[in-house]
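Here is my note on the model. Please read the points with the structure open beside you.

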Amino acid sequence: MQTLNGRKTAILGGTGDIGRACAALLATRGAEVTIGGRARQRLAEVGSELPDGATTIQVDATDRDSLSRFYEEAGPIDDLVVTVTRRGGAGPASALAEQDLVDSFAGKSVAHLQAVALAMPKLDERGSVTLISAGSAQAALPGTAALAAVNGAIEAAVPVLARELAPRRINAVSPGLIETGWWDELPEEDRRATFQQFAEQTPIGRNGTADDVAHAIGALIENDYITGIVLPCDGGLRLT
C-alpha cells in the first residue's frame, strides 16, 4: 500500500457525482487534487468543497486540444482518474439505428482512451490510471446493447494498456446501479421504480452511492500491486 500524501491526482469528470466524491476522498487521504470539468460554476462549487491546494481547470474531455491544455496546466501527475460519462443510451436493439452511436462512443470510450494517451507525457512512470466503465458491459440486460458496447470497449482496453504502459498501472472500476444524477432524465416515478427494482435484485439489498465508487477507486490507487483489472463495485448485482 502507498500513501497519497503529496501525490498529485488529476480527476477528469470531476464535477459529476462520482468525480466529486472521489476528489473529496482522495483529498482527505493527502492527495493534491486537480479537478477537470466542463461547467465553470460546478467547478467553482467543487473547488470550494475541497481543502486548500485543490485546483480546478475547465476542460472538455471529448476535445483533444482542450485535454492537452488541461494536462499542460495540471503539470506532472502521479494518478489519473477518468470518470467522464454520457447520459442516455438505453433502448431496444430495434432502435439502435436511431441512436447517435458515434456520440455515445465519443462521449465516453473515446474520451477515456484519448485521456489516457494524452496524459502519458505528464504521468509519472510509476503512476496509475483508473477508468470508470459500467456493469452494463457484462450484465447482458435487454435494452442496454449500446451501453454495453461503449463500456465494454473501455474494459477490453484495460489489460492491453496495463501491459503496454507498464510499469504504470491501469485499472477500471465497473459500477452497478449507482444513485446519481445520471438517472435524472428519467421521470421521478420511473426513476424510483428502477431504483427499487435493482435494489431488490442486488444481494446486499441496496443500490450504490458515489462514495461507494470513490472508495473502490481509492483502493486501486493505493494498492500498487494491482494492475490490469476491472473491479466490480455493484453490490453483487452481476451475480443475479
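**Notes on the fold**

1. Helices α4 and α6 are roughly parallel to each other, because their angle falls under the limit for that word (under 35 degrees is roughly parallel, over 145 roughly antiparallel, 65 to 115 roughly perpendicular, the rest oblique). Their axes come within 10 Å and cross at roughly 20°. Axes here are lines fitted to C-alpha atoms, for helices over the stretch in contact, with angles from 0 to 180 degrees between N-to-C directions. Helices (H or I, at least four residues) and strands (E, at least two) are DSSP runs, numbered from the N terminus.

2. This is a predicted model, in which local features need pLDDT of at least 70 and side-chain atom pairs count only at pLDDT 80 or more, while totals for chains, interfaces and linings use all residues. Residues are numbered from 1 along each chain as its sequence is written, and side-chain values use heavy atoms, leaving out hydrogens and water.

3. Which residues of α4 meet α6? Among them are L101, F105 and L113. On the α6 side, the partners include A146, V150 and L161. Contact means heavy atoms within 4.5 Å.

4. Now the sheet. Seven strands form an open sheet, ordered β3-β2-β1-β4-β5-β6-β7, with parallel pairing (two strands pair if DSSP finds at least two bridges between them). At the edges are β3 (55–58) and β7 (230–233), each pairing on one side only. Neighbouring strands are turned by 20° against each other on average, direction ignored.

5. Look at β1 (residues 8–12) and β2 (residues 32–37). Five bridges join these parallel strands. L12 stands opposite G36 in β2. Helix α2 (residues 40–49) lies across β2 and β3, and runs at about 170° to β3.

6. The largest nonpolar core has 30 residues. Such a core is a set of buried Ala, Val, Leu, Ile, Met, Phe, Trp, Tyr and Cys residues joined through side-chain atoms within 4.5 Å. L12, L67, Y71, L80 and L131 have the most contacts inside it. Elements supplying at least two residues each include β1, α3 (64–74) and β4 (77–82). Another core, of 27 residues, lies apart from it, with I18 and I217 among its members.

7. Is T15 buried or exposed? T15 counts as buried, because its relative accessibility is 10% (buried is under 20% relative accessible area, exposed over 50%, partly exposed in between, with a 1.4 Å probe and protein chains only). T15 sits in the loop between β1 and α1 (17–28). Leaving aside neighbours within four places in sequence, its contacts include R20, G36 and V46.
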